[in-house]
Amino acid sequence: MIIQVKNLKKEYGKVKAVRGINFSVEEGEVFGILGPNGAGKTTTLEMMEGLREVTSGSIKIDGIDVRQNPDDVKEIIGVQLQSSAFFEHLSLTELLKVFRDLYSTRRDPRDLLKEVGLSKKAKAQVKELSGGQKQRFSIAAALVNDPTVLFLDEPTTGLDPQARRNLWELVQQIKAKGKTIILTTHYMDEAELLCDRIAIMDNGKIIALDTPQNLIDELLKRGFKKKMPTNKANLEDVFIDLTGKAIRD
Ligand code: ATP
């Protein structure tokens with residue numbers, strides 16, 4: 001197990017945001033954290049990243065205790081930042097150099113831009129990128145230190161269907177290189193497609209944890225029946241059929 005979270009809690013004053021959660025993540029797994037707004041997903045992710053103080057409990061990543069050695073953990077993890085966090089007047093290549101210099105393991109900006117399909121934008125600034133390109137660039141920035149574990153917080157929010165599919169492929173490519181990925185999302189189709197296992201959080205607790213298929217099978221075993229017979233295609237299929245799979249940016 002590359003990640004072990006034990007009895008993790010976070011209180012903001014009287015607000016109990018995370019109420020003692022336990023889970024482990026295997027190396028090479030895509031692990032999804034789902035849950036309604038305010039469930040505690042971002043708080044959990046940020047505690048794992050060493051960016052938010054833990055109230056109690058323990059987190060180990062690749063044998064390193066995040067609370068005791070946050071700096072050591074930062075060397076082996078990649079965290080996707082919002083594109084608003086990037087300096088405005090630098091090109092993509094310059095930004096990747098700035099981030100890379102924070103680490104002892106450093107990847108070549110050219111390789112990173114190629115990996116995320118942005119080679120042609122090497123000299124562009126972030127403000128010149130489309131939404132999908134910004135998301136891909138923020139993933140490139142999270143990979144500068146060749147991390148063992150990559151954290152993605154709602155990586156496809158706000159993207160069009162083509163750009164979402166493109167980002168799913170990128171996540172699958174990164175997984176194929178053996179990286180462990182922890183992601184949050186509000187899109188169930190995305191979680192079902194990308195995640196090996198899913199933890200569903202509500203009110204600061206994990207209320208279910210399993211593979212997507214097992215979670216679905218469990219629901220069916222409890223006698224669940226869909227209210228409406230499902231169509232053989234949905235509106236997203238119509239949209240993709242009419243506008244094509246090619247990305248527009
Ligand atoms: P979303 O899906 O909306 O991103 P989330 O599952 O990521 O939600 P969190 O952002 O972790 O949820 O918030 C969990 C709870 O902690 C919420 O009740 C929220 O209001 C509270 N909270 C989060 N950050 C803070 C903070 N800095 N100070 C006080 N309360 C906070």
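Is glutamate 190 buried or exposed? Let's start there, and keep in mind that what we're looking at is a predicted model.

Glutamate 190 sits in helix α7, which covers residues 188-194. Its relative accessibility comes out at 0%, so glutamate 190 counts as buried, the cut-off for that being under 20%. And who are its neighbours? Once you skip residues up to four places away in sequence, glutamate 190 touches Pro155, Thr156, Arg164, Trp168, Thr185 and Cys195.

Okay, on to a pair of helices. Find α5, residues 131-142, and α6, residues 161-176. Their axes come within 10 Å of each other and cross at roughly 15°. That angle is under 35 degrees, so α5 counts as roughly parallel to α6. As for handedness, the crossing of α5 past α6 is right-handed.

Which residues do the meeting? On the α5 side you have Gly132, Gln135, Arg136 and Ile139, and across from them in α6 are Ala163, Asn166, Leu167, Leu170 and Ile174. Sort the residues of that contact by type and you get five nonpolar, three polar and one charged. If you're wondering about the spacing of the numbers, here's a handy reminder: an α-helix has 3.6 residues a turn, so residues three or four places apart point the same way.

Beyond its neighbours within four places in sequence, serine 138 is in contact with Gln80, Leu81 and Phe86.

Now take glutamine 135 as a landmark and jump to lysine 60. The two are 75 residues apart in sequence, and C-alpha to C-alpha they're 28 Å apart in space. Lysine 60 belongs to strand β4, residues 56-61. With a relative accessible area of 37%, lysine 60 is partly exposed. Leaving out neighbours within four places in sequence, its contacts are Ile2, Ile3, Gln4 and Asp65.

Last stop: helix α9, residues 235-243. What caps its N-terminal end? That's asparagine 234, with a side-chain oxygen 3.1 Å from the backbone nitrogen of glutamate 236.

Notes
Residues numbered from 1 in each chain as written. Predicted model: local features only at pLDDT ≥ 70, side-chain atom pairs only at ≥ 80, totals over all residues. Heavy atoms only, no water. Axes fitted to C-alpha atoms, helices over the stretch in contact; angles between N-to-C directions. Helix = DSSP H or I, 4+ residues; strand = E, 2+ residues; numbered from the N terminus. Parallel < 35°, antiparallel > 145°, perpendicular 65-115°, else oblique. Left-handed = near helix turned anticlockwise from the far one by under 90°. Contact = heavy atoms within 4.5 Å. Nonpolar A, V, L, I, M, F, W, Y, C, P; charged D, E, K, R; others polar. Buried < 20%, exposed > 50% of the residue type's maximum accessible area, 1.4 Å probe, protein only. Polar contact = N/O pair within 3.5 Å; in protein donor to acceptor, adjacent residues only side chain to side chain.
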